[in-house]
Each structure stands twice: as C-alpha cells, then as structure tokens.
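User: I would like to go through this model with you, one topic at a time. Could you take my questions as they come?

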Amino acid sequence: MTESPLDLTRRGPRLLGGGGGGQGRAVALSTASTVVVVAVIAALFLLAPGSAQVRHTFFSPPDLWHSLIGDPAKGYYSIGVAIWLNIRMFLVAEVFILVFALILAIIRQSSGPVLLPLRVLALLYVDIFRGVPTILVIYAVGFGLPALDLSVVSTQGPAVYGVIALILSYSAYVCEVYRAGINAVPLAQASAARSVGLTQAQSMRYVILPQGIRTIIPALLNDFISLQKDTALVSVLGSIEANRAAEIYSATVFNYSSYVVAAALFLLLTIPLARFTDHLIARDRARRLAGAGR
C-alpha cells in the first residue's frame, strides 16, 4: 500500500526516526550525539592555550552585565536600551518596504504602453539598488542628503537617513519577491477573473495579489530577518544603536564582551522570527500536500 500525501504530513521528522516504535531510540541517539558534539567543542575551547584570555575578552561576566545596563557617567551606553532603536528602525522600514515594493512590483507587471516610462524607471531602480551594497546606500543617503542643505530633507537625524537607505535597498529585493508570487499564480486565474467582468486592476487586487502574497510570506519574513540585522549598519552614521553602543563600550574599557551582548540581543530578535518562518513553510507544505491528496 502507498501512503497518501496527507499521511506523509502526519509522520514525524525523519531526523527523529519518524513515527513508530523506533522513535524513542532515535530520540535517545540524537540526544546523545548532540551532547557528545557539544562536549567535544566545549573541551576544545576550554583546553586551548589561549582559552582563558578569550573568555576574559569576550565572556567576562562583569563586562557582559555593565555593557548591557550601561553607565553614561563612565562614557558608555546601555546596549539593552540601544537595541530599541534597532527595533524601531526595523518596524518603520518594514511598513514602508512592504508598500513601496508592492507598488514597484505592480508597475513592473503592468503591460499598458502608457506606463512604459514607469516600467523602465522601476527596472532601473531594482537593478541599481540590488547591485549596490546596502552599506554604500547608507553612506550615500546619510551623507548626501544633509549636504543638499534643504530645509526639511537635510535636517533629519542619522536614524532617519538610515531607515531611508534601508527602505531604498530592501524595496528592490522585496519587489522581486512580490513579482515571484504574482507570476506563481496560474494564468487561468487571471483569465477567469477577466471572464466574469473584472478589469485588469480588479483582477490584480481581488484575485492575483491575495493568492500571490500568501505564497511569498515565508520569503518576505526571511528578507525581514536580514533587515533586522542590517539595522546595525546605521551605526556608521553615528546613531547609538546596539552595535554602536557595543563599539563604544569596547573602545572605553578595551573588552569585547559588549559585542557578545549585542549579538545575543539580535539573536533574541531573529531566532523567533526564523522559527515562525519555518512554521509557516511547514504549514504551507502540509496544506499543499493535503490538497494534492484529494
């Protein structure tokens, strides 16, 4: 007898031996092998000739704590407080990227001759900002806009310019993600929408976009994981975010434990989002397999 796709979705992970009586033994073996690997890595680290110096430089408990809470009187900032700037930049940039990238994708997918100039501009935009490193975009925006000496544009803070640069850079990538989702919708769906009297714009809004966006949510979340990390690049403009606060602490007390604190805080932000992305991918796969088995 052959298993249906729905049955396959109910099976345990192959890493743990799947379902059945062998699952307990597989869990025990995987746990034991994990413990052995971790123990070997820990032993190599602790027995290395320079282990004590590395532990003092990167994992000093007093420095870990002091860099987390900060002490302005001694000339360094709290990384725990500075991470909130990274979070705010991420949230603001995410909203604008979702909207701006969608507009770019719709323009690139348009076929009317009147929109040809906009399509060309959108294509150039995507090619340029996907090809230029994000750090260079941050430099160009962060130092270029203030140099224009305009009343509003040139008087913003470094964090604002950093968010603008992130929006410009990531919108080019997310635009292509949107286009991949739109192109994944079967042409028959668009034809059926037009056959019932919907215009091209209505077909895009009510038929194509809802289906296309649903398929690209995991890809969007992966891009936003990268976006969360790249907010640290804004430190080159002088913003006191987590990475900059860690750098100031390190330069003040000559200890790198602050970078470990900053890395741990970024992990606390990105790992839950990564696991949520995996959950969405698994759920979408199960849904597709269930639909294929009907």
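**Working through the model**

Analyst: Aspartate 149 is exposed, with a relative accessible area of 68%. This is a predicted model.

User: Where is aspartate 149 found?

Analyst: Aspartate 149 sits in the loop between α7 and α8. Its phi is near 60°, a positive value in a residue other than glycine. Most residues other than glycine have a negative phi.

User: And what is phi of phenylalanine 254 near?

Analyst: For phenylalanine 254, phi is near 60°, again a positive value in a residue other than glycine. Phenylalanine 254 belongs to the loop between α11 (242-253) and α12.

User: Is phenylalanine 254 buried or exposed?

Analyst: Phenylalanine 254 counts as exposed because its relative accessibility is 72%, and exposed means over 50%.

User: Let us turn to confidence. What is the mean pLDDT of the protein chain?

Analyst: The protein chain has a mean pLDDT of 87, with 91% of its residues at 70 or more.

User: Where is confidence lowest, and where highest?

Analyst: Among the elements of the protein chain, helix α1 (residues 5-10) has the lowest confidence, at a mean of 49, and helix α7 (residues 134-147) has the highest, at 95.

User: Which domains does the assignment give?

Analyst: The domain assignment of the protein chain gives domain 1 (5-47) and domain 2 (66-287). Taken over C-alpha atoms, the centres of domain 1 and domain 2 are separated by 35 Å.

User: Now the helices. What span should α8 have, and how far apart are its ends?

Analyst: Helix α8 (residues 158-184) has 27 residues, so at 1.5 Å a residue it should span 39 Å; its end C-alpha atoms are 39 Å apart, which agrees.

User: Where does α8 bend?

Analyst: At serine 171, α8 bends by about 30°. Of the 27 residues of α8, 19 are buried, so the helix is largely enclosed by the rest of the structure.

User: What about α10, how far apart are its end C-alpha atoms?

Analyst: The end C-alpha atoms of α10 are only 37 Å apart, although the helix has 31 residues. A straight helix would reach 45 Å at 1.5 Å a residue, and α10 falls short of that.

User: Where does the kink in α10 lie?

Analyst: The kink, of about 50°, lies at isoleucine 216, shortly before proline 218.

User: Changing topic: how many aromatic pairs does the structure hold?

Analyst: There are nine aromatic pairs in the structure. One of them joins phenylalanine 90 and phenylalanine 224 in an edge-to-face arrangement, with 6.5 Å centre to centre and 80° between the planes.

User: Which parts of the chain does that pair link?

Analyst: The pair links distant parts of the chain, with phenylalanine 90 in helix α5 (residues 79-109) and phenylalanine 224 in helix α10 (residues 200-230), 134 residues apart. Phenylalanine 90 counts as buried at 10% relative accessibility, and phenylalanine 224 counts as buried at 3%.

User: How is the pair of tyrosine 256 and tyrosine 259 arranged?

Analyst: Tyrosine 256 and tyrosine 259 form a tilted aromatic pair, 6.1 Å centre to centre with 50° between the planes. Tyrosine 256 counts as partly exposed at 38% relative accessibility, and tyrosine 259 is partly exposed with a relative accessible area of 34%. Ring pairs link Phe58, Tyr256 and Tyr259 into a cluster.

User: Which residues does tyrosine 125 touch?

Analyst: Not counting residues up to four places away in sequence, tyrosine 125 touches Phe100, Leu104, Ile167, Leu168, Ser171 and Ala172. Tyrosine 125 is part of helix α6 (residues 116-131). At 13% relative accessibility, tyrosine 125 counts as buried because the cut-off is under 20%.

Notes: Residues are numbered from 1 along each chain as its sequence is written. This is a predicted model: local features need pLDDT of at least 70, side-chain atom pairs count only at pLDDT 80 or more; totals for chains, interfaces and linings use all residues. Side-chain values use heavy atoms; hydrogens and water are left out. Domain bounds come from an automatic or database domain assignment. Rings of Phe, Tyr and Trp (its six-membered ring) pair if their centres lie within 6.5 Å; planes under 30 degrees apart count as stacked, over 60 as edge-to-face and the rest as tilted. Helices (H or I, at least four residues) and strands (E, at least two) are DSSP runs, numbered from the N terminus. Buried means under 20% relative accessible area, exposed over 50%, partly exposed in between (1.4 Å probe, protein chains only). pLDDT is the predictor's confidence in each residue, from 0 to 100. The expected span of a helix is 1.5 Å times one less than its number of residues. The bend at a residue is the angle between axes fitted to the seven residues ending there and the seven starting there. Contact means heavy atoms within 4.5 Å.
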